[in-house]
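Open the model in your viewer and keep the selection tool ready. We will go from stop to stop, selecting residues as we go.

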Amino acid sequence: MARTIASDLDEFDLKILRLVQQDNQTPQRVIADKIGLSPPAVARRLQHLREAKYIRSDISVLDETAIGRPLTIVVHVTTENERLDLLDGMKERFSKCPQVQQCYYVTGEMDFILILNVRDMAEYNELTRTLFFEGGNVRSFRTCVSMENVKTYGPIPV
């Protein structure tokens, strides 16, 4: 059963979530000052938000170009067969691939949308062999190369 924000989180929790989405390195005393709680209260709430999986992960977002991986590629994948075991195999294959930054199992004309990060087109070409040809159960895939990453992540409105 899906939980609802209204029943599980109060306004302080929502304020904390808004702040840590912008910068999860913000000191607890700064958060406390901004929302009107004590630092220990903020620490307890953050611990609860992490334990309850409202905060799934604390990560650093890297600059793709600066680290030599400037290409973002969006791929629409259509499956050959929608048997659950084959779909699960594809999900696992896509999840394990480090170049796959995001993977969505979707409704509509295609079955999966993948967001990949690669060094160059040669790396992508090699990935197509592994992910789509050798991996199996892919009827077709359509590739879109990002010309500019305008917004790649953002806070979830809470």
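Select Gln 99 and its surroundings. Leaving aside neighbours within four places in sequence, Gln 99 is in contact (heavy atoms within 4.5 Å) with Arg 69, Ile 115, Leu 116, Asn 117, Val 118, Glu 123 and Leu 127. Gln 99 is found in the loop between helix H5 (84-96) and strand E2. Helices (H or I, at least four residues) and strands (E, at least two) are DSSP runs, numbered from the N terminus. Is Gln 99 buried or exposed? Its relative accessibility is 16%, so Gln 99 counts as buried. The cut-offs are under 20% relative accessible area for buried, over 50% for exposed, and partly exposed in between (1.4 Å probe, protein chains only).

A word on the model: it is predicted, local features need pLDDT of at least 70, side-chain atom pairs count only at pLDDT 80 or more, and totals for chains, interfaces and linings use all residues. Residues are numbered from 1 along each chain as its sequence is written, and side-chain values use heavy atoms, with hydrogens and water left out.

Next, select Lys 91, in helix H5. Lys 91 is partly exposed, with a relative accessible area of 31%. Not counting residues up to four places away in sequence, Lys 91 touches Tyr 105 and Phe 112. The C-alpha atoms of Lys 91 and Ala 43 are separated by 36 Å. Along the chain, these two are 48 residues apart.

Move on to helix H4, residues 39-51. Its 13 residues reach 18 Å from first C-alpha to last, close to the 18 Å expected at 1.5 Å a residue (1.5 Å times one less than the number of residues). Colour Ala 41, Val 42, Leu 46 and Leu 49, which are buried in H4. Why do the buried residues line one face of the helix? Seen down the axis of H4, they fall within an arc of 135°, so they line one face. The arc is that of the directions from the helix axis to the C-beta atoms. H2 and helix H3 (28-35) are among what covers the buried residues of H4. On the face turned away from the buried side, find the exposed residues Arg 44 and Glu 51. Then look at Lys 53, which follows H4 and has a positive phi, near 70°.
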